[in-house]
Amino acid sequence: MSEFKYEITRRIKTLSDNGKGWTKELNMVSWNGRDPKLDIRDWNHGENRMGKGITLSIEEKDALLEALNEI
């Protein structure tokens with residue numbers, strides 16, 4: 001499995017906290033040196049671990065926001 005790098009370039013909002021060290025967060029994250037993208041996933045910063053999540057481009061974020069505003 002190849003190694004990957006990430007950098008949280010902007011912490012936007014903690015969406016929830018499970019009380020066991022894990023938080024669901026909305027951040028801007030640069031993956032492997034690429035331009036940052038909007039990212040929603042679980043993080044345990046104390047153990048430097050992350051869960052599965054979703055990464056969105058600005059265009060995908062705009063489409064999601066539009067869809068959410070319709071409901």
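Modeller: Helices (H or I, at least four residues) and strands (E, at least two) are DSSP runs, numbered from the N terminus. The model here is predicted, so local features need pLDDT of at least 70, side-chain atom pairs count only at pLDDT 80 or more, and totals for chains, interfaces and linings use all residues. Residues are numbered from 1 along each chain as its sequence is written, and side-chain values use heavy atoms, without hydrogens or water.

Biologist: How many helices and strands does the chain have?

Modeller: One helix and four strands. Read from the N terminus, the order is β-β-β-β-α. The C-alpha atoms fill a box of roughly 40 × 30 × 20 Å along the principal axes.

Biologist: Which strands pair over six bridges?

Modeller: Two strands pair if DSSP finds at least two bridges between them. Here, look at E3 (residues 37-44) and E4 (residues 49-56). Their pairing is antiparallel. Pick out Asp-39: the residue opposite is Thr-55 in E4.

Biologist: How many residues lie between the two strands of that hairpin?

Modeller: Four. Asn-48 belongs to this loop between E3 and E4. Its phi is near 55°, a positive value in a residue other than glycine.

Biologist: Where does Leu-68 lie?

Modeller: In helix H1, which spans residues 58-70. Leu-68 has a relative accessible area of 47%, so it is partly exposed.

Biologist: What share of the chain do buried residues make up?

Modeller: The chain has 71 residues, and 21% of them are buried.

Biologist: What share of the contacts joins residues 24 or more positions apart?

Modeller: A contact means heavy atoms within 4.5 Å. Take the contacts in the chain with a separation of 6 or more. Residues 24 or more positions apart account for 20% of them.

Terms used: Buried < 20%, exposed > 50% of the residue type's maximum accessible area, 1.4 Å probe, protein only.
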